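Below is a short report on one protein–ligand model.

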Amino acid sequence: MQIKDSFDRTIDYVRIGVTDRCNLRCFYCMPKEGIPYEPKADLLSYEEIIRLLDVLGNLGFRKVRFTGGEPFLRKNFITLLEKTHQLAHFKNIHITTNGTLMTQHITKLMELGINSLNLSLDTLDADRFKKITRRDDFKKVIQTFHTLIDEGFKLKVNAVVMKGINTQDILPLVALAKQHPVSIRFIEEMPFNGGYKENSTIFKATDIFKTIKKKHVSLSPKIGKHGDTSTNYSIDGFIGDVGIIPAFSRTFCDTCNRLRITPKGDIKTCLYDGGTYSIRDYIRSGVTNEQIASKFMELIKLKPKDGFVAEKGTNKSLIREESMSSIGG
Ligand code: SAM
Ligand code: SF4
């Protein structure tokens with residue numbers, strides 16, 4: 001079975017925010033004092049997440065990514081991974097992490113066949129790391145990077161690029177892909193930082209491209225896969241590759257294949273839709289799996305054409321109060 005939205009896009013990828021809590025305070029994601037966290041009882045329980053995944057698996061979903069907040073901060077996160085692994089439809093489990101709390105779990109991840117991770121790292125400079133994340137954890141993250149490489153993980157590094165903050169890190173980060181089999185992905189900053197300020201630091205995907213191309217003239221586009229949000233490029237003589245994600249310019253929406261479930265169980269069929277429907281309240285009202293499946297199908301049919309349409313249809317100030325940590329970025 002394959003489930004399609006009204007624009008004939010196959011929707012088969014779910015991203016689940018397992019917690020809105022985080023141990024870092026990246027300034028593009030949340031204010032320095034943090035965001036008001038949801039009471040724990042209002043977050044989806046692991047049992048509820050597994051039930052939703054089971055329903056989605058039967059609707060043809062095949063890819064799941066756990067994110068947050070920081071997923072490894074949630075108690076017994078490994079139990080959720082084990083239970084997901086037991087589901088027939090989700091053999092490839094993906095995780096996005098800040099890399100500060102996970103090295104002790106690497107063996108278990110390997111046992112569960114989780115051998116690819118997205119690691120967030122915006123700079124190779126310890127001082128800038130501290131400025132961006134408001135925490136002094138650079139050493140831990142870089143150690144995680146090297147441990148994961150040594151253990152043979154397929155690694156994607158996510159770097160948000162911001163004008164006046166870390167554009168000087170683009171080329172040093174690209175250089176990591178010369179000797180390591182990693183994909184370095186540069187992301188445009190989006191307006192989800194728990195209190196958006198107009199004077200933004202957005203550095204456009206086109207400018208990221210130009211910066212890399214100027215130094216690496218052999219930068220050439222690679223053929224993409226279903227649902228890719230990044231345009232990936234190879235560079236002659238590099239083991240790894242480079243990706244650019246136009247998250248703010250939104251040029252990838254016509255191939256979008258994803259659905260998001262926030263930590264408190266709101267369904268977002270688009271990152272820019274302001275949160276649409278509480279599947280948590282729906283399942284807690286005692287409905288059957290068939291009813292949940294019908295609800296998902298109904299919501300997927302309402303998925304907007306693109307992020308601009310979604311943004312127009314929602315209260316702008318609501319979007320700007322959101323944090324990627326509570327959305328599940
Ligand atoms: N804490 C984990 C981490 O940082 O990898 C997972 C959650 S974090 C919200 C997921 C991804 O969203 C990270 O790669 C982060 O850099 C990115 N992100 C957060 N806020 C963003 C923003 N305003 N614009 C673009 N990307 C953002
Ligand atoms: Fe935490 Fe990730 Fe947001 Fe940084 S980007 S504050 S690590 S949730």
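The report starts at the ligand and then moves to the side chains. The model is predicted.

**Ligand 1**

Around ligand 1 there are 19 residues. Those that come nearest are Tyr 28, Gly 69, Ser 120, Met 190 and Met 324.

| Residue | Residue atom | Ligand 1 atom | Distance |
|---|---|---|---|
| Tyr 28 | backbone N or O | nitrogen | 2.7 Å |
| Thr 97 | polar backbone atom | oxygen | 3.2 Å |
| Ser 120 | side-chain N or O | oxygen | 2.6 Å |

Tyr 28 uses a backbone atom for its ligand pair. Its side chain makes a polar contact with the side chain of Asp 122, at 2.6 Å.

**Asp 122**

Asp 122 sits in the loop that runs between strand S4 (116–120) and helix H4 (126–133). Which side chain of opposite charge is nearest to Asp 122? It is that of Arg 128, 9.9 Å away. Asp 122 is buried and has no salt bridge.

Beyond four places in sequence, Asp 122 touches Tyr 28, Ile 132, Asn 158, Ala 159, Val 160, Asn 166, Asp 169 and Leu 173. Another acidic residue, Asp 169, is on that list.

**Asp 5**

Asp 5 lies in the segment before strand S1 (13–17). Is Asp 5 buried or exposed? Its relative accessible area is 3%, so Asp 5 counts as buried. The side chain of Asp 5 makes a polar contact with the side chain of Arg 9, at 2.6 Å. With neighbours within four places in sequence left aside, Asp 5 is in contact with Ile 11, Ile 300, Lys 301 and Lys 303.

**Cysteines**

How many disulfides does a search of the whole structure find? The search finds zero. A disulfide is a covalent bond between the sulfur atoms of two cysteines.

Technical notes. Residues numbered from 1 in each chain as written. Chains lettered and ligands numbered in written order. Predicted model: local features only at pLDDT ≥ 70, side-chain atom pairs only at ≥ 80, totals over all residues. Heavy atoms only, no water. Helix = DSSP H or I, 4+ residues; strand = E, 2+ residues; numbered from the N terminus. Buried < 20%, exposed > 50% of the residue type's maximum accessible area, 1.4 Å probe, protein only. Lys, Arg positive; Asp, Glu negative; His and termini not counted. Salt bridge = Lys/Arg side-chain N within 4 Å of Asp/Glu carboxyl O. Polar contact = N/O pair within 3.5 Å; in protein donor to acceptor, adjacent residues only side chain to side chain. Contact = heavy atoms within 4.5 Å. Disulfide = S-S within 2.5 Å. Near = heavy atom within 4 Å.
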